[in-house]
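Here are my notes on the model you sent over.

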Amino acid sequence: MFKSGFVGIVGRPNVGKSTLLNALLGEKIAITTHKPQTTRNRITGIYNRPDGQYIFVDTPGIHNATTPLNRTMVETALDTFGSVDLTLLVCAATEGIHPGDRAVIEKLKDYDAPVFLTINKIDGIEKKLLLPLIDEFRALFSFREIIPVSARNGDGIEILLNEIGEVLPEGPRYFPDDIVTDRTERFIAAEMIREKIMLLARQEIPYVTAVAVDVFKEDEARHLIRIQATVNVEKDSQKGILIGKKGSMLKEIGSQARREMEQFFGARVFLELFVRVRKDWTTDERMLREFGYKDK
Ligand SMILES: Nc1nc2c(ncn2[C@@H]2O[C@H](COP(=O)(O)OP(=O)(O)OP(=O)(O)O)[C@@H](O)[C@H]2O)c(=O)[nH]1
Ligand SMILES: [Mg+2]
């Protein structure tokens with residue numbers, strides 16, 4: 001019997017949803033950082049095994065959003081609730097039950113799909129704290145399963161995959177078995193740049209940059225990919241911070257992103273970054289759409 005279906009990965013920001021997606025796939029396709037609100041889009045990751053195809057959908061962290069960019073992110077996450085066969089609610093053992101977890105649980109009550117509570121980051125707590133935490137969560141919602149994992153070191157991932165197989169319906173192979181995501185190489189390259197910006201740049205920069213890959217050209221004979229990307233910020237002052245003294249910040253972002261791209265694409269990469277001011281893009285509906293954050 002072939003099992004297949006869509007599995008939403010949801011939860012508040014920073015609990016390790018994207019790290020979990022990568023762990024489930026055994027490959028890094030989603031960016032992850034220690035800062036909340038790293039993921040801004042729905043990212044589909046396709047997991048194949050002889051007896052099934054599980055389609056994971058990573059989502060932005062659900063939070064009390066006040067700005068237009070953040071509101072579209074939360075909408076993107078909430079939109080998956082009604083369109084999946086199974087939901088993995090991810091929480092972080094290291095932080096116990098957080099008010100943000102309770103808020104997501106309340107929203108899940110409006111939907112019928114079964115929910116697995118995936119208690120992540122168990123590498124970060126004392127073992128004896130796990131059972132009481134499970135009991136506390138169990139009192140909040142009738143989870144189909146409660147599965148402790150560490151997305152960082154892989155503990156529990158195999159168990160989680162097997163339990164998913166138990167719950168998903170019999171179904172077709174939705175995607176060819178040689179693709180790992182529905183996202184384009186351009187998207188992944190742009191995200192790699194954004195990850196390095198989030199990790200390296202200071203102040204508000206991580207939250208006001210959008211990256212667009214303008215050129216992605218493969219020179220197969222020379223095993224070389226030429227990539228040109230624009231990093232958009234909201235104000236002139238932010239452009240200065242992002243570029244850094246004598247260009248040092250942008251250069252470091254570029255070289256770290258390039259190294260990661262070379263590994264991922266298995267080719268040499270020639271990367272050029274440009275910085276552009278798009279005034280107040282995070283609050284402009286049209287620009288949110290243009291940068292791929294809003295589809296409605
Ligand atoms: N100790 C520990 N840290 C983890 C684990 N999984 C993820 N993290 C860390 O938690 C932080 C957030 O991880 P992400 O995967 O980006 O979290 P997210 O839920 O996707 O966050 P948003 O996209 O912002 O909603 C990163 O610093 C990860 O390295 C884990 O199993 N153990
Ligand atoms: Mg994420």
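1. The magnesium ion (ligand 2) is held by Ser18 through OG and Thr39 through OG1, at 2.0 to 2.1 Å. Donors here are N, O and S atoms within 2.8 Å of the metal (3.2 Å for Na, K and Ca), and since water is not among the atoms, sites may look incomplete. Keep in mind that this is a predicted model: local features need pLDDT of at least 70, side-chain atom pairs count only at pLDDT 80 or more, and totals for chains, interfaces and linings use all residues. Residues are numbered from 1 along each chain as its sequence is written, chains are lettered from A and ligands numbered from 1 in the order written, and side-chain values use heavy atoms, leaving out hydrogens and water.

2. What does the pair tie together? Ser18 sits in helix H1 (residues 17–25) and Thr39 in the loop between H1 and strand E2 (43–49), so parts 21 residues apart in sequence are linked. Helices (H or I, at least four residues) and strands (E, at least two) are DSSP runs, numbered from the N terminus.

3. Buried or exposed? Ser18 is buried at 8% relative accessibility, and Thr39 is buried at 7%. Buried means under 20% relative accessible area, exposed over 50%, partly exposed in between (1.4 Å probe, protein chains only).

4. Two strands pair if DSSP finds at least two bridges between them.

5. E7 and E8 (residues 224–233) run antiparallel, joined by nine bridges. One bridge pairs Ala210 with Asn232 in E8.
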